Amino acid sequence: MSSEKITGHKAIFLFGPTAVGKTRLLSDFFSPFAEVVNADSVQVYRGLDVGSAKAEKEITDKIPHHLIDILDPWESYNVADFIHLADIACSGIWQRGKIPVISGGTAFYFKHFLYGLSEAPQSDPEIRKTVALYIRDQGLSKAYDYLKIVDPVSADRINPNDSYRISRAIEVYRTCGKPLSSFALPTTPRNDMKVLSIGLFREKEELKERIRQRVDIMFSQGLVDEIKKLLKMGANPSWQSMQGIGYREFMDKVYENDSKKSIHNLDNLSESNLEEIRQSIVTNSVHYAKRQMTFFKSFSDVRCPLDKPG
C-alpha cells in the first residue's frame with residue numbers, strides 16, 4: 001500500500017490498561033462512525049479467545065473489528081507486521097468514510113504505528129532462529145542478563161518477561177554489533193496522520209478488582225479447555241502466542257517436552273494448583289496494567305488524562 005493513500009487522514013487512539021473498559025466504550029460510543037483496528041498482540045491468534053478476552057460477537061457485529069483471528073497460534077507476529085496490516089485496514093476504513101479507532105493493550109504498537117520504526121536493521125531469519133534457540137536453551141532470565149550487558153539502555157526499557165522485545169534487541173546486536181537503543185526513533189507522525197488520543201482511567205483498587213473479575217470469568221468460560229485444545233495442537237512455550245498472560249502461566253505449570261504429558265498434567269491439576277495459576281494470572285495482569293499506565297501517560301495530548309479521573 002502506498003503512503004499517499006493515508007497521508008493526512010484522521011485516526012483515534014483508544015488506550016488504557018487491561019480491564020479498564022475499552023471494549024464496552026467502543027460498542028456504546030464509537031459504533032456509528034468508526035471501525036476498530038486491534039492493537040493487541042494476542043487477539044490476532046485464532047483459538048486464543050477466552051484468555052485474550054476477545055470482544056463478544058454482539059459487539060463485533062455492532063462495530064467491525066480488524067486484525068483479530070488472522071494468524072494460527074504457532075505463527076509469529078511483530079510490530080512491523082502490525083504496522084503493515086493496520087495501514088491496510090485503516091485505508092479500507094477511510095475509503096468507507098469512517099474513522100479507524102486503534103484500540104488494544106500492546107502499548108508500543110501505538111507508538112510505532114504513529115511514528116514508525118527505528119532505523120535498526122531488518123530482522124535476519126537465521127539470526128532470529130539462533131537467538132530463539134539461545135533463549136530456549138538458556139532461559140529468558142539469562143537472555144535478559146545478557147541484554148543488560150550488551151544493551152543496558154534497552155534492557156532498562158524492556159520488561160524481563162517480554163520475550164519478543166528481548167529477542168529483538170539481542171537480534172539487532174548480533175546482526176550489526178550495535179545496541180538497539182543506539183538507533184534513532186522518528187519523532188513526527190507518519191504520513192502526517194492526525195491522531196486524537198483518548199486514555200481511560202480507573203482508580204488502582206477498582207482496576208485490580210476488575211482484573212480479578214475478568215480472570216474469574218475466563219475460568220468460568222472455559223480457559224482450561226482452551227489451553228487443552230492448544231496443547232493438542234502442539235502448543236509449547238516457544239510459540240509467541242503462549243507468552244501472553246493467561247497462557248504462559250499454564251505453560252509454566254503443565255508443559256513438558258511432550259503434548260500427551262502436558263495434557264496429562266493439565267487434566268490432573270488440583271484445585272489448589274488451579275487457584276495458584278489463577279492468582280498468577282491476576283498478579284501478572286496487575287503488573288502489566290501498571291506498565292501500560294506508565295507508557296500511556298507518556299503520550300502527549302491525551303484528551304482524558306490518565307493520572308486523574310475525568
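Is Lys 54 buried or exposed, and what is the relative accessible area of Lys 54? In this predicted model, in which local features need pLDDT of at least 70, side-chain atom pairs count only at pLDDT 80 or more, and totals for chains, interfaces and linings use all residues, Lys 54 is buried, with a relative accessible area of 15%; buried means under 20% relative accessible area, exposed over 50%, and partly exposed in between, with a 1.4 Å probe and protein chains only. Residues are numbered from 1 along each chain as its sequence is written, and side-chain values use heavy atoms, with hydrogens and water left out.

Salt bridges were assigned where a side-chain nitrogen of Lys or Arg lies within 4 Å of a carboxyl oxygen of Asp or Glu, and the count by this rule comes to 18. In one of these, the side chain of Lys 54 meets that of Asp 69, at 2.3 Å from N to O. Asp 69 lies in the loop between strand 3 and helix 3, and Lys 54 in the loop between strand 2 (34-38) and helix 2 (57-62), so the pair ties together parts that are 15 residues apart in sequence; helices (H or I, at least four residues) and strands (E, at least two) are DSSP runs, numbered from the N terminus. Asp 69 counts as partly exposed, at 34% relative accessibility, and a network of salt bridges links Asp 49, Lys 54 and Asp 69.

A further salt bridge joins the side chains of Arg 128 and Glu 171, at 4.0 Å from N to O. This pair links distant parts of the chain, with Arg 128 in helix 5 (residues 125-138) and Glu 171 in helix 8 (residues 163-176), 43 residues apart. Arg 128 is partly exposed, with a relative accessible area of 32%, whereas Glu 171 counts as buried at 3%. Glu 276 also forms a salt bridge, with Lys 253, the closest N and O atoms being 3.2 Å apart. Because Glu 276 lies in helix 13 (residues 271-297) and Lys 253 in helix 11, this pair ties together parts that are 23 residues apart in sequence.

Aromatic pairs were assigned to rings of Phe, Tyr and Trp (its six-membered ring) with centres within 6.5 Å, planes under 30 degrees apart counting as stacked, over 60 as edge-to-face and the rest as tilted; the count by this rule comes to 13 aromatic pairs. Trp 74 and Trp 239 form an edge-to-face pair, 6.0 Å centre to centre and with 65 degrees between the planes. The two residues are 165 residues apart, Trp 74 in the loop between strand 3 (65-66) and helix 3 (79-95) and Trp 239 in the loop between helix 10 (223-232) and helix 11 (248-254). Trp 74 counts as partly exposed, at 45% relative accessibility, while Trp 239 counts as buried, at 10%.

The rings of Tyr 77 and Tyr 109 have centres 6.1 Å apart and planes at 70 degrees, so this pair is edge-to-face. Both Tyr 77 and Tyr 109 are buried, and both belong to a cluster linked by ring pairs that also includes Phe 13, Phe 15, Phe 82, Phe 108, Phe 110 and Phe 113. Arg 190 lies over the face of Phe 113, at 5.0 Å from the ring centre, under a rule that requires NZ of Lys or CZ of Arg within 6 Å of the ring centre and within 35 degrees of the ring normal.
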